[in-house]
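Me: Could you take me slowly through how charged side chains pair up in the model shown here?

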Amino acid sequence: MTYLKVSLEETHSRLVSSNDHHQTLRLQGEARELQDTLKLIDRAETLLNAHKQ
């Protein structure tokens, strides 16, 4: 999970410094995928913790 958060931060930093429109669109897509993955992991952890109780 830490790896995904670092990847998201790196993607955002490349996005800010990008001057190429196509690269910007690709990086925005990467960032969305990473954010979606982090949300799914968080949701899964929440469900798992609820199930343990």
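Reply: A salt bridge is a side-chain nitrogen of Lys or Arg within 4 Å of a carboxyl oxygen of Asp or Glu. This is a predicted model, in which local features need pLDDT of at least 70 and side-chain atom pairs count only at pLDDT 80 or more, while totals for chains, interfaces and linings use all residues. Residues are numbered from 1 along each chain as its sequence is written, and side-chain values use heavy atoms, with hydrogens and water left out.

Me: How many salt bridges are there by this rule?

Reply: Side chains of opposite charge can pair when their charged atoms come close. Glu30 pairs with Arg26 at 2.6 Å, N to O, and Arg14 pairs with Glu30, their closest N and O atoms being 3.3 Å apart. By this rule the count is two.

Me: Which helices do Arg14 and Glu30 lie in?

Reply: Helices here are DSSP runs of H or I with at least four residues, numbered from the N terminus. The salt bridge between Arg14 and Glu30 ties together parts that are 16 residues apart in sequence, because Arg14 lies in helix α1 (residues 2-17) and Glu30 in helix α2 (residues 21-52).

Me: What is the relative accessibility of Arg26?

Reply: Buried means under 20% relative accessible area, exposed over 50%, and partly exposed in between, with a 1.4 Å probe and protein chains only. Arg26 counts as partly exposed, its relative accessibility being 42%.

Methods:
Helices (H or I, at least four residues) and strands (E, at least two) are DSSP runs, numbered from the N terminus.
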